[in-house]
Amino acid sequence: MGRVVFFLSEAFRALRRSAAPSVAAIVTIVVTTLLLGVLVPVLKASESKASEVRDQIGLEIFLYRDASGAEIEALEKKLAVVPHVTAAAFCSPECAKKQLTGELKGDLEGSISELNSNPLPPSFDLTLDDPDNIEAVRAALLPPNDAGKPTPISAAIDPPIGEDRENAQIIREVTADVKYVLIGISALLLVASLLLVANTIRLSIYARRREVEVMRLVGATNWFIRWPFMIEGIIVGLIGAGLAVGILWVLKVTVVDSLSSFNLVDNVSTMAFGPLVAMLVAAAVLVSALGSGITLRRFLRV
Amino acid sequence: MPLLKTRNRKGRSRDAGAHRPAPRRQPSPRPSGQPPLVSVEDATVVYPGGHVALERLSLSIDRGEFVFVTGPTGCGKSTLVKALIRDIEPAAGRVRIAGKDINSMPHDRTPYLRRRIGTVFQDFKLLPNRTVYDNVAYALQVIGEPRSQIRRKTPEILRLVGLQAKIHNYPDELSGGEQQRVAIARAFVNHPPLLLADEPTGNLDPETSIGIMQLLYRINRTGTTVLVVTHDREMVDKMRRRVIAIEEGRLVRDQAGGGYHDESTTEFAARIRAEMGVAGGGATNGRS
């Protein structure tokens, strides 16, 4: 017990004495934690949005309106053996009209019933085992003919196939890119905080080299010498994380909560505040402990 | 079995204010079967860069001895002290403390070796932002001594070195001699069986130096082996103790001090003062 008090008092004494580098490290940790605190929920949200989009990725094959029942049956059999296709659901013009009615809302909903006839073509909805195989399936449905020109496997198919779904693919790729850029920035910031904590501890070791020398001379154990520095680093991390969490909470109350009444934010699934705070504090403490540990290994020969 | 044993003996007090004085004859006959406290065998220390600080140095010091190590600057005296506390390791040869080869024991045992060896340096190595009391208590804190023990031992040792009146002063409020007394108090607060002093009087005037030597002598009389490194040939010759002379890393003289006899600390100080021609000004350095 006496030891813990000793370590803590030594750590706080050191923090007071080297205030400037400590403040620099704390501010960097605040910025990093703050960015992580914003990025992680955003990443989470874009992830859930992306997977929503991803789940929608399938292939829709439109048929000519005059396709005969025999042609449709033959195509259904062919589709069943195309690799990566897990299901092929036929949708007649009536079924397509029903689907469209379900998707449209408000004023447009009534407009469907005003149509005299059903202009919608019959179609097959293909479900794929993995959206990444979309190109392979499309190639299988459009094998090149003798002249090398892609030709549908059935005369009933109205090409092109699945072009309208490419937007989904683009969204998917862009969100993935954004994700990588954000992860890259957070990684850089994490490294910066780690190095700044390491630097603070290094200065602290330098400022307390006499103490360290005396401790070694009178036979303090290695960990007894290291602990105050370790605790100093962790305190820096905790203060930084605490400030960042405070700012995040203010942001949440003033921005996110008030926006959510407009249904803008809360319809994307994101992280609860509690686990987010726990994760951020843990990350900040881990980073600062690592920073101290690295410096102690390098600069505190005991 | 503990690595080292302090040999504090209870005895009658001849010297007022002395801490557990133990009149004893020197050099002590080595108890049969007990290895010498310090034994250096053919130790060679080479610094990075190729400078050979010690070259096949061998020496042996028994328990209870008061030994001087002398030699010109850069001869390897301080390197010897560093080798004894395993601050540096010899490239060849052995350093044994109480029969144990200190360089073959695991590194995490080194702190425990250093707890049994007190060290004093020319530059005192006091912490300037702590009081005299805290400087001494610090040495106990960092080895995990319970607080009750710190509260008991610290004032006791400061009384021994004669600084009980300056307990709350900061080091820069003390004279050089007083600062060295604090350093000695810190080194001896655990009553280690071996006390190493590297140029303890290097920064001090002759009168103050005699006071420090007197204090070291008194510590020696409690049974502690004292090794004093100094380049002050004159002082050493007057002390009439064993002298080990090193030159360019080699042992050039190992001479048991001729003709000294068992004397009390006051007799000791009076004799040195007379021999060095320093006026015997009564109380030395705050010993009230």
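Which residues in α6(B) meet which residues in α8(B)? To find out, one may follow the tour below. The model is predicted: local features need pLDDT of at least 70, side-chain atom pairs count only at pLDDT 80 or more, and totals for chains, interfaces and linings use all residues. Residues are numbered from 1 along each chain as its sequence is written, while chains are lettered from A and ligands numbered from 1 in the order in which they are written.

**First stop: two helices of chain B**

Select residues 206-221 of chain B, helix α6, together with residues 265-276 of chain B, helix α8. Helices here are DSSP runs (H or I, at least four residues) and strands are runs of E of at least two residues, numbered from the N terminus. The two helices pack at an angle of about 150°, and their axes are 9 Å apart. Axes are lines fitted to C-alpha atoms, for helices over the stretch in contact, and angles run from 0 to 180 degrees between N-to-C directions. α6(B) and α8(B) are therefore roughly antiparallel to each other, a term for angles over 145 degrees.

Now display the side chains. P206(B), I210(B), M213(B), Q214(B), Y217(B), R218(B) and R221(B) of α6(B) meet T265(B), F268(B), A269(B), I272(B), R273(B) and M276(B) of α8(B). Contact requires C-beta atoms, placed from the backbone, to lie within 7 Å. By class, this contact has 8 nonpolar, 2 polar and 3 charged residues. Ala, Val, Leu, Ile, Met, Phe, Trp, Tyr, Cys and Pro count as nonpolar, Asp, Glu, Lys and Arg as charged, and the others, Gly among them, as polar.

**Second stop: the sheet of chain B**

In chain B, 6 strands form an open sheet with mixed pairing, in the order β6-β7-β8-β3-β9-β10. Strands pair if DSSP finds at least two bridges between them. β6 (117-121) and β10 (250-255) of chain B stand at the edges, each with a single partner strand, so one side of each is left without a neighbour in the sheet. From one strand to the next, the twist averages 15°.

Select β3 (residues 66-70) and β9 (residues 242-247) of chain B, which pair in the parallel sense over 4 bridges. Here T70(B) stands opposite A245(B) in β9(B).

**Last stop: between the chains**

Finally, show both chains: 15 residues of chain A are in contact with 16 residues of chain B. On the side of chain A that touches chain B, α8(A) gives the most, with 7 residues.

Conventions. Parallel < 35°, antiparallel > 145°, perpendicular 65-115°, else oblique. Contact = placed C-beta atoms within 7 Å.
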